[in-house]
Amino acid sequence: MSKLIHVNAFNMNCVGHIHHGLWTHPRDRSTEYHTLKYWTDIARILEKGLFDAIFIADVIGYYDVYQQSVDLTLREGIQLPVNNPWLLISAMAAATEHLGFGVTATINAEHPYTFARDITTLDQLSNGRVGWNIVTGYVDSGARGLGQDGLAEHDARYDRADDFLELSYKLWEGSWEDGAVIADKARRIHTLPDKVHPVVHEGPYYRANAIHMSAPSPQRTPLLFQAGTSERGRRFAGRHAEGIFIGARTPAAARDASRQLRQAAVDAGRRPDDVKIYTGLAVVVGDTEAEARDKYQDYLAHASAEGGLAHFAASTGIDFAQYDLDEPIPYGTTNAIQSASQGAQQAGLTTRRRLLEQFSLGSRYNTIVGDPSQVADELEHWIDEGEIDGFNLTRIVVPETWEDFAGRVVPELQNRGRYKTAYGEGSLRQQLFGRGDRLPANHPGTRWRRNG
């Protein structure tokens, strides 16, 4: 039996996310990002289309690598201004019943003790629909804003993240026993004190001696997402992640990355299918191929290839503006996203001209253009040949991109038996894995579990 295709909507609390320049399209609503109605409208569209979740990216800082300036970033709205994604969840959760929320938070800007409470609160309010995309940071501007000289070294950021997760697991899994809250009005006992335990942690980066401030949520630990396929990133993902976001130019590249990541999970004592692997993708679909091609050309007229290049410059830590159009770019190891540079080299994007051609739609992401059958064929090819589980579907024009996918592609996939026809019951973790609301017993986070 062919496996179902999982789809998240990929968004960010800003004007320009992935496909830069498209906010200027007359049908695009992304300039409304600072209104709740914009987000609740999107949430309802996605739930109608049976999307698993809305995956909301974030960055602490701004992009000032390209041209050694933030000017182009500001003019083009390249993820700036950018608002807090976490404050959107309650409103979208209230507008939906099943849609999940994968939300980004950067380790460097949080403390586990207070952050654990934030997660637990949202997981309670959404009835178990929250996932956390774990990010270690990748732009120096954010570190400077936090009072640091710059980002810590790449692998050291993952060391900090390991310590952050260990303390978080202790709070989520080990502080409160199941049954601690009885809310007995007659006896005037809300919580049984002997079932609540202090967490003691003395790590290389964090220390704590306190009980978790919140009672357990449906999932206790949120569903854990992570992006990054460097060697150190794979080890981190193999130990912690349940959903992994990869960048891949081809299904063959996706297959290689997927096999490495599943092996990393096995090396950490888990199973290969304990992780769901997603790649980013754009889809332009019409009732006919000709209609889709016309729509794609319409989108191209509003896109900013240079905006995409400025975004990529921040991802790699390389100022591409310093190179002539056909001058070879000497990619090397940087302190930013190492897999971004590696992927560009493997794809032959070794001059500024080649990069700008690749970013014609304002982004380096792959784009599928066609009628519903053609799009479904390509999605199946990525899933089956790439050995991945699903996609983070980027927005081109909001909400048109997701309305088109929900109205045209989802029915085609359902007819092929490759997409769910209804939501199941339970938490986001249960929806994706079908093994219960909480971390499976072989996940390292359960080491501190007292019961349940």
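1. A quick definition to start with: a residue is called buried when its relative accessible area is under 20%. Please keep in mind that this is a predicted model. With that cut-off, strand 11 (residues 276–285) is mostly covered, as ten of its ten residues are buried.

2. It is worth looking at both faces of strand 11. K276, Y278, G280, A282 and V284 point one way, while I277, T279, L281, V283 and V285 point the other way, and all are buried. You will notice that the buried set includes K276.

3. What does strand 11 pair with? One partner is strand 10 (residues 243–246), which runs in the parallel sense with strand 11 over four bridges. Within this pairing, I244 has I277 of strand 11 as its bridge partner. Between the two strands the chain passes through helix 8 (residues 251–267), and this β-α-β crossover from strand 10 to strand 11 is right-handed.

4. Strand 13 (residues 390–394) is joined to strand 11 by four bridges, and the two run parallel. Here T279 finds its bridge partner in F391 of strand 13. Strand 12 (residues 367–370) is also parallel to strand 11 and linked to it by four bridges. In that pairing, T367 of strand 12 stands opposite A282.

5. Seven of its seven residues are buried, so strand 3 is largely enclosed by the rest of the structure. On one side point G100, G102, T104 and T106, on the other F101, V103 and A105, and all of them are buried.

6. For the pairing of strand 3, begin with strand 2 (residues 53–57): the two pair in the parallel sense over four bridges. F55 stands opposite G102 of strand 3. Strand 4 (residues 130–135) also runs parallel to strand 3, and six bridges join them. T106 has V135 in strand 4 as its bridge partner.

7. On to helix packing. Two packed helices are described by the angle between their axes and the distance between the axes. For helix 6 (residues 154–174) and helix 7 (residues 231–240), the axes come within 10 Å and cross at roughly 10°. Angles under 35 degrees count as roughly parallel, and the crossing angle therefore makes helix 6 roughly parallel to helix 7.

8. Which residues form this contact? H154, D155, Y158, D159, A161, D162, L165 and Y169 of helix 6 meet R232, G233, F236, R239 and H240 of helix 7. Sorted by class, the contact of helix 6 with helix 7 has five nonpolar, three polar and five charged residues.

9. Helix 9 (residues 289–300) and helix 14 (residues 400–415) make a second pair to inspect. Their axes are 14 Å apart, and the helices pack at an angle of about 170°. Angles over 145 degrees count as roughly antiparallel, and helix 9 and helix 14 are therefore roughly antiparallel to each other.

10. A last stop is the contact between helix 9 and helix 14. From helix 9, E291, K295 and Y299 meet E400, D404 and R408 of helix 14. By class, this contact has one nonpolar, no polar and five charged residues.

Notes: Residues numbered from 1 in each chain as written. Predicted model: local features only at pLDDT ≥ 70, side-chain atom pairs only at ≥ 80, totals over all residues. Heavy atoms only, no water. Axes fitted to C-alpha atoms, helices over the stretch in contact; angles between N-to-C directions. Parallel < 35°, antiparallel > 145°, perpendicular 65-115°, else oblique. Contact = heavy atoms within 4.5 Å. Nonpolar A, V, L, I, M, F, W, Y, C, P; charged D, E, K, R; others polar. Buried < 20%, exposed > 50% of the residue type's maximum accessible area, 1.4 Å probe, protein only. Pairing = 2+ DSSP bridges. Right-handed = clockwise from strand over helix to strand, strands pointing away.
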